[in-house]
Amino acid sequence: MPVVDLTWEFIGERFAPEIKREEVFLRSGLTSYTGVVYRMNHDGMSGTYIDFPGHIAETDNGLYADNCPLEDIFRVPASVIHLDCASGHGAVSAADLKNALGTEIQTPALIINALGKTEPTGIDPRSVYLDDSAVEWIIDSPCRLLVSDIYESKALHGVFLKLFGAGITTVCMPVNLHKLKNPQVELTVLFAKMPGITQLPCRMVAEF
């Protein structure tokens with residue numbers, strides 16, 4: 001079964017992590033070696049990252065990185081939508097998404113590849129976005145895990161507020177979405193089990 005890595009590298013100018021490498025010399029009467037330890041200071045939005053509804057205080061539903069049910073993030077059936085919007089395209093509507101999918105959403109996860117082969121950092125920020133009809137279409141579906149390369153507009157229409165209010169978890173800054181050739185895949189999102197954390201970098205893969 002082919003597997004595609006959808007994870008953006010944990011580097012870059014935007015929210016770049018500070019990583020320090022330390023060497024620790026260990027010795028006993030039996031052996032000696034040098035351990036390598038990393039000290040990391042990074043933003044929750046480094047690389048590809050997951051946002052639970054509690055990323056917005058007003059929509060915190062008690063779902064965190066340490067108590068998220070595994071069945072909600074491991075090999076979850078996900079519908080895949082492909083568009084090819086250029087920078088500055090503007091709004092993506094429910095009709096756009098439904099026409100591209102060819103049906104209503106019937107899976108617990110949804111992947112929106114609105115930018116084709118372009119990575120999220122390859123466009124004018126927030127110049128392609130989900131409009132109110134698209135958000136409502138997603139909310140009215142069985143989808144509770146959304147992966148997309150577009151979300152909010154520059155005008156701050158409340159895309160995340162509405163999604164989180166409906167209990168939908170999002171994954172931001174994915175890459176390689178255009179490599180998903182099947183209309184449905186199995187999606188896995190992995191991250192550290194950190195108590196009380198509602199936003200953190202993650203590793204994400206799709207099987208098809």
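By class, the lining of the second largest pocket splits into seven nonpolar, three polar and three charged residues. That is where I will start, and please keep in mind that this is a predicted model. The volume of this second largest pocket comes out at about 170 Å³. Of the 13 residues lining it, L63, D72, R144, L145 and T169 are the closest to its centre. As for the method in general, rolling a probe the size of a water molecule over the atoms shows where empty space is left.

Let me take β5, residues 76-82, in more detail. β5 runs antiparallel to β11, residues 184-190, and four bridges join the two. A78, for instance, has V185 in β11 as its bridge partner.

Last, the aromatics. How many aromatic pairs does the structure hold? Three. A pair of aromatic rings is described by the distance of the centres and the angle of the planes. F160 and F164 make a tilted pair, with 5.6 Å centre to centre and 35° between the planes. Both residues lie in helix α3, residues 159-165, where they are four residues apart, about one turn of the helix.

Methods
Residues are numbered from 1 along each chain as its sequence is written. This is a predicted model: local features need pLDDT of at least 70, side-chain atom pairs count only at pLDDT 80 or more; totals for chains, interfaces and linings use all residues. Side-chain values use heavy atoms; hydrogens and water are left out. On a 1 Å grid over the protein atoms alone, a cavity is a set of points where a 1.4 Å probe fits but cannot get out, and a pocket is an open set with protein on both sides within 12 Å along at least five of seven lines; lining residues have an atom within 4 Å of a point. Grid points are joined across faces, edges and corners, and a volume is the space filled by probe spheres set on the points. Ala, Val, Leu, Ile, Met, Phe, Trp, Tyr, Cys and Pro count as nonpolar, Asp, Glu, Lys and Arg as charged, and the others, Gly among them, as polar. Two strands pair if DSSP finds at least two bridges between them. Rings of Phe, Tyr and Trp (its six-membered ring) pair if their centres lie within 6.5 Å; planes under 30 degrees apart count as stacked, over 60 as edge-to-face and the rest as tilted.
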